[in-house]
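Open the model in your viewer and keep the selection tool ready. This tour tells you what to select next and what is there.

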Amino acid sequence: MIHWNDDIEVYLHRDPVDFRKAINGLSLIVSEEMELSPFDRAVFVFCNKRCSQLKVLYWDESGFVLWQKRLEKERFKWPKRSKKETIKLSGEQWLWLSTPA
């Protein structure tokens with residue numbers, strides 16, 4: 001799994017998203033639903049409805065990068081009880097999340 005620098009913020013979009021969305025659609029979710037700038041020094045994490053796939057969007061100073069991981073059998077541990085649409089994760093929480101259940 002990818003490890004981010006400690007100075008990188010990790011934001012999780014709690015609700016599942018349509019995984020047909022690519023960079024433009026996900027950056028719109030970041031700006032409109034999460035009310036953050038997709039150009040920030042941060043990564044934005046999205047999950048599909050079955051919690052079997054993750055997409056990570058970030059700006060690397062020259063353009064957007066979209067990273068995707070699909071699990072074949074397991075599921076990602078995805079928070080569902082939070083009332084917030086956007087959740088900020090620590091580096092340790094990112095590792096917990098990105099490790100399959």
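## Start at strand S1

Strand S1 and strand S5 (residues 86-89) are joined by four bridges and run antiparallel. Two strands pair here if DSSP finds at least two bridges between them. Helices (H or I, at least four residues) and strands (E, at least two) are DSSP runs, numbered from the N terminus. The model is predicted: local features need pLDDT of at least 70, side-chain atom pairs count only at pLDDT 80 or more, and totals for chains, interfaces and linings use all residues. Residues are numbered from 1 along each chain as its sequence is written, and side-chain values use heavy atoms, with hydrogens and water left out.

Select Val10. Its bridge partner in S5 is Leu89.

Now turn to strand S2 (residues 42-47). Four bridges join S2 to S1, and these two strands run parallel. Pick Glu9: Ala42 in S2 stands opposite. Follow the chain from S1 through helix H1 (residues 23-33) to S2; this β-α-β crossover is right-handed. Right-handed means that, with the strands pointing away from the viewer, the path from the first strand over the helix to the second runs clockwise.

Is S1 enclosed or open? S1 is largely enclosed by the rest of the structure, because four of its five residues are buried. Buried means under 20% relative accessible area, exposed over 50%, and partly exposed in between (1.4 Å probe, protein chains only).

## Zoom in on His13

Select His13, in strand S1 (residues 9-13). His13 is buried, at a relative accessible area of 2%. What does its side chain reach? The side chain of His13 makes a polar contact with the side chain of Glu33, at 3.0 Å. A polar atom of the His13 side chain also lies 2.9 Å from the backbone oxygen of Asp15. A polar contact is a pair of N or O atoms within 3.5 Å; within protein, one must be able to donate a hydrogen and the other to accept it, and residues adjacent in sequence count only if both atoms are side-chain atoms.

Show the surroundings next. Neighbours within four places in sequence aside, His13 is in contact (heavy atoms within 4.5 Å) with residues including Ile29, Val45, Phe46 and Trp78.

Select the buried residues of H1: Gly25, Leu26, Ser27, Ile29 and Val30. Their cover includes S1, S2, S3 and S4.

Step just past H1 to Glu35, with a positive phi of about 55°. Glu35 is not a glycine. It lies in the loop between H1 and S2, and Glu35 is exposed at 66%.

Jump to Glu61, in the loop between strand S3 (53-59) and strand S4 (64-70). Glu61 has a positive phi of about 80°, and it is not a glycine either. Its relative accessibility is 65%, so Glu61 counts as exposed.

## Charged pairs

How many salt bridges does a search of the whole structure find? It finds four. A salt bridge is a side-chain nitrogen of Lys or Arg within 4 Å of a carboxyl oxygen of Asp or Glu.

- Select Asp15 and Arg14: their closest N and O atoms are 3.3 Å apart. Asp15 is partly exposed at 27%, whereas Arg14 is buried at 16%.
- Select Asp18 and Arg20: the closest N and O atoms of this salt bridge are 2.8 Å apart. Asp18 is partly exposed at 33%, and Arg20 is exposed at 74%.
- Select Arg70 and Glu72: the closest N and O atoms of this salt bridge are 3.1 Å apart. Both Arg70 and Glu72 are exposed.
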